[in-house]
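Here are my notes on the model, as numbered points. Please read them with the structure open.

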Amino acid sequence: MSMLLEGTNASAVNAAISVERHRLGATSTGMVLTFVIVTDELSQSEATRAATFAANQHPCRIIVVIPRPGRGKPQLDAEVWVGDREGPGETVKLRLKGPLARQQASVVLPLLLPDTPVVVWWPADAPAVPADDQVGRMANRRITDASTARRPLADLTGRTTSYHPGDTDLAWTRTTPWRSVLATALDEPHEQIIAATVSGERNNPSATLLAAWLQARLKVPAVVKNSRGPGITGVVLKTKNGDIGLSRHDGRLAELTRTHGLSRKAPLPRRELRELVSEELRRLDADEIYAETLAELAKGLGEPARKSRSAKAPVRSSKVAATPASTAGAKPIAKRSPATRPARRKVAAKDPSASPAQPTTATKAKRKASK
Amino acid sequence: MAVQQTNPLRDLNDRRLPRVAGPCALVLFGVTGDLSRKKLLPAIYDLANRGLLPPTFALVGFARRDWADQDFAQIAEESVRAHCRTPFHEDVWEQLSSGMRFVAGSFDSDEAFIELAHVLSDLDRVRGTNGNHAFYLSIPPGFFPTVIDKLRTSGLSANDAGSWRRVIVEKPFGHDLKSAQELNKIVDDVFPPGSVFRIDHYLGKETVQNLLAVRFANTMFEPIWNNKYVDHVEITMAEDIGIGSRAGYYDGIGAARDVIQNHLLQLLALTAMEEPVSFNAEQIRLEKEKVFSAIKLPTDLSRHTVRGQYSAGWQGGEPVKGFLEEDGIPKTSKTDTFAAIKLEIDSRRWAGVPFYLRTGKRLGRRVTEIAVVFKRAPHLPFSATDTEELGSNALVIRVQPDEGITIKFGSKVPGTQMEVRDVTMDFAYGDSFTESSPEAYERLILDVLLGEPPLFPRHREVEMSWEILDPILNHWATHGRPDTYEAGTWGPPEADEMLARDGREWRRP
Ligand SMILES: NC(=O)c1ccc[n+]([C@@H]2O[C@H](COP(=O)([O-])OP(=O)(O)OC[C@H]3O[C@@H](n4cnc5c(N)ncnc54)[C@H](OP(=O)(O)O)[C@@H]3O)[C@@H](O)[C@H]2O)c1
């Protein structure tokens, strides 16, 4: 059951939570964090569901902040759920209307649980510098999602300079199963790797991050090649004597192949948003490997890592164009113009993990107009 | 061939990457048994489904059945479908079952072990298990010596440099000190101590591992974790079920051997031990052994130990048989289905603090917990009537069900009068029972395959715990019969008297 408060304020919301709690006979139920979601009407319901699922493993207070900028008077509307059948914690949905839309911190701050960590997640339209954002500043962990940006790769490039410890991106989270299977593959004896290629759907930021990670760890040039998806479809690690390949074309099962060896299958399912979010809540310390991967990305893909230490500039097409011939056929990622974004919505509609909260181009445009 | 040694994709700081077992084959002896079907096969599938087994993983079933590999895969699939905790995926199963083999034979058949050796070397070649083999003995303990000996004579226990052999044994680890020593000798003659994994599934439980975190990662508990503040400790493992169809196993073994020797003494050791120098297997084992060596038995065992047998009664609303009426139990059986003992630890920290251990079948409800009960405040600045309802403070580690921690303390009853009564504060970290957290067997199997044995009891601990229990078992064997208790209650009245003698009473768990 939910409680609706219109034209309210944070202290009334706090009071409502506590009334609801007492009505259920539940006192504070050992909550371990506050989970703030800053989102829009289009993404809020899916994001809240994912967060509620994650709250089963990490009991938390979920605060959904929905800014509704516009001309009228500032107004706060709130909906409060406590001890819902779907999860143990508390959920507060806040609609910030008029000028209040820009004063998110003033509403969120009084609702944070005392003493425990704060996680903020922007399912879409994350701020350019999450750590400088008014809500981001209050958080120990800030989750963005480049895949929902209008220009995912440009968004990712932005993250290379905006990174602060505590930042993370769901595009990075999506690479975890790939990274795990690849690491497992290299647990076995293998020849020295000399180059890496990641294939993925056009504009897939996870493919780019995976390539950057391989380049950083293996210290060999890594590039991204476009494929028809869904998501990341394969990785080839080139050695002096044949390839180690990992491919997944159905979004579920991957095949691990070696030029001179056995081929095997490994489960590698695309994960749903709720699983990604759960993974994010598991650890709240700074993700050093993500930072390292972003730094590598800033140096440019396809470059032998040892060289361009001094290059601080983010990926530039001219630089990537100079990719060594060893990866011929692979298209350097940054060469693509983000403007030529294909209709990736088709795939996304089938697979919820593809781009969780991404509105269709049409609705997006409408939304922009209403801003 | 320029073979790379370290794996550049692995980094200790990369906390997202799960620990995945390396290439290996697991041989399951007793694959038709209850434990294999209900726990082990499903746990192996769940591990695979979570991506924690390498694609090279192979599973070999061994049993006296005339099965082909496919028959085995078929039977295994049925078990997995019936008992797995994560969703069943054909793809995952296909990958897992493509590495499944079956070897038919009895435990004393040389041919069967030759065949097994053949199958394993074949798997090393075609599946890429790299000569790493684990042997899981899910078989009646009477067959341990036979199987271990056959593993030796067939050369299966010997490994080349760069590969490993491990053996996994299930409880019971003997039925007294002597048999445990014999068993240990048999195993240790063939496998080095670091390759022997004794399964105590309680030690794979989240809460038990959390006990160490609670004690040693905080500052607020450790200062009061001693005889200055603790009055006594109660460790309970209660089952509501009877012996079911396991009469053959249970009769002659009983509650104390089945549960106290391993689970409860291990929980006691983790509760009582000093802080290990570091959180690794060796250091934790050292601390546990110190606790065992400091344990003191009561001088009068008749007064401070109790055993019982359940009689017919009502259990949670259903009529149930008494132990002596169960199928396969002789009317004259003296087997204990309930056991309660008092132990003390001779150390500066614990001198004078009794540890009460109890376990039983057909008790009030299914619960396992460790309750640290504190002394009462030395002085209460309230009138006696104000604090009439105030009990002792307690910290309870709930091992199952509802894994978590409860703290009990006094609080004022709201109102104008001063009245203090007990309240509890519960903490449970999320939903430990969803598929999201691995089951104890999953964790233990993975730990074996990874070769990370932080909590597996070693040889010496097993013998030390028998040294503690043997005098009690001998005393019981020579002194009368077990007391009886009605099924569905908290044990015989003698157990209450045992605590009453010390001026205490059991908490209702
Ligand atoms: N079940 C549990 O919950 C549980 C809990 C803790 C520990 N344990 C321990 O785990 C082990 C296995 O338990 P369990 O309950 O699975 O036992 P079980 O159901 O009795 O199964 C024993 C297995 O051993 C095989 N076996 C017995 N005698 C044999 C012989 N002469 N030759 C070849 N195979 C023989 C059986 O094969 P057949 O089918 O051909 O008879 C069966 O596969 C035991 O050490 C037990 O103490 C079990």
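1. Chain B holds an open sheet of six strands, with parallel pairing. The strand order is 3-2-1-4-5-6. Strand 3 (100–104) and strand 6 (196–198) of chain B stand at the edges. Each has a single partner strand, so one side of each is left without a neighbour in the sheet. From one strand to the next, the twist averages 20 degrees. Please keep in mind that this is a predicted model.

2. Take one pair from that sheet. Strand 1 (residues 25–29) and strand 4 (residues 133–137) of chain B run parallel, joined by five bridges. Within this part of chain B, B:Leu26 stands opposite B:Ala134 of strand 4.

3. Which helix lies across strand 3 of chain B? Helix 4 (residues 110–126) of chain B does, and it also lies across strand 1, strand 2 (58–63) and strand 4. Its angle to strand 3 of chain B is about 165 degrees.

4. On domains, the assignment for chain B gives domain 1 (25–170) and domain 2 (203–438 + 448–500). Taken over C-alpha atoms, the centres of the two domains of chain B are separated by 35 Å. Six residues from domain 1 and four residues from domain 2 of chain B make up the contact. The side of domain 1 of chain B that touches domain 2 has three nonpolar, one polar and two charged residues.

5. Now the contact between the chains. How many residues does it take from chain B, and how many from chain A? It takes 37 residues from chain B and 34 residues from chain A. On the side of chain B that touches chain A, helix 3 (90–97) and strand 17 (420–427) of chain B each supply at least two residues. Helix 3 of chain B gives the most to that side, with three residues. The residues of the side of chain B that touches chain A comprise 16 nonpolar, 13 polar and eight charged.

6. Chain A has an open sheet of eight strands, with mixed pairing. Its order is 1-4-5-3-2-6-7-8. The edges are strand 1 (2–5) and strand 8 (167–169) of chain A. Each of these has a single partner strand, so one side of each is left without a neighbour in the sheet. The twist averages 15 degrees from one strand to the next.

7. In chain A, strand 6 (residues 118–121) and strand 7 (residues 141–144) pair in the parallel sense over three bridges. A:Trp121 has A:Ile143, in strand 7 of chain A, as its bridge partner.

8. Is helix 8 (residues 273–282) of chain A largely enclosed or largely open? Helix 8 of chain A is largely enclosed by the rest of the structure, because eight of its 10 residues are buried. The buried residues are A:Leu273, A:Arg274, A:Glu275, A:Leu276, A:Val277, A:Ser278, A:Glu280 and A:Leu281.

Notes
Residues numbered from 1 in each chain as written. Chains lettered and ligands numbered in written order. Predicted model: local features only at pLDDT ≥ 70, side-chain atom pairs only at ≥ 80, totals over all residues. Domains from an automatic or database assignment. Contact = placed C-beta atoms within 7 Å. Nonpolar A, V, L, I, M, F, W, Y, C, P; charged D, E, K, R; others polar. Pairing = 2+ DSSP bridges. Helix = DSSP H or I, 4+ residues; strand = E, 2+ residues; numbered from the N terminus. Axes fitted to C-alpha atoms, helices over the stretch in contact; angles between N-to-C directions. Buried ≥ 20, exposed ≤ 12 C-beta atoms within 10 Å, placed from the backbone.
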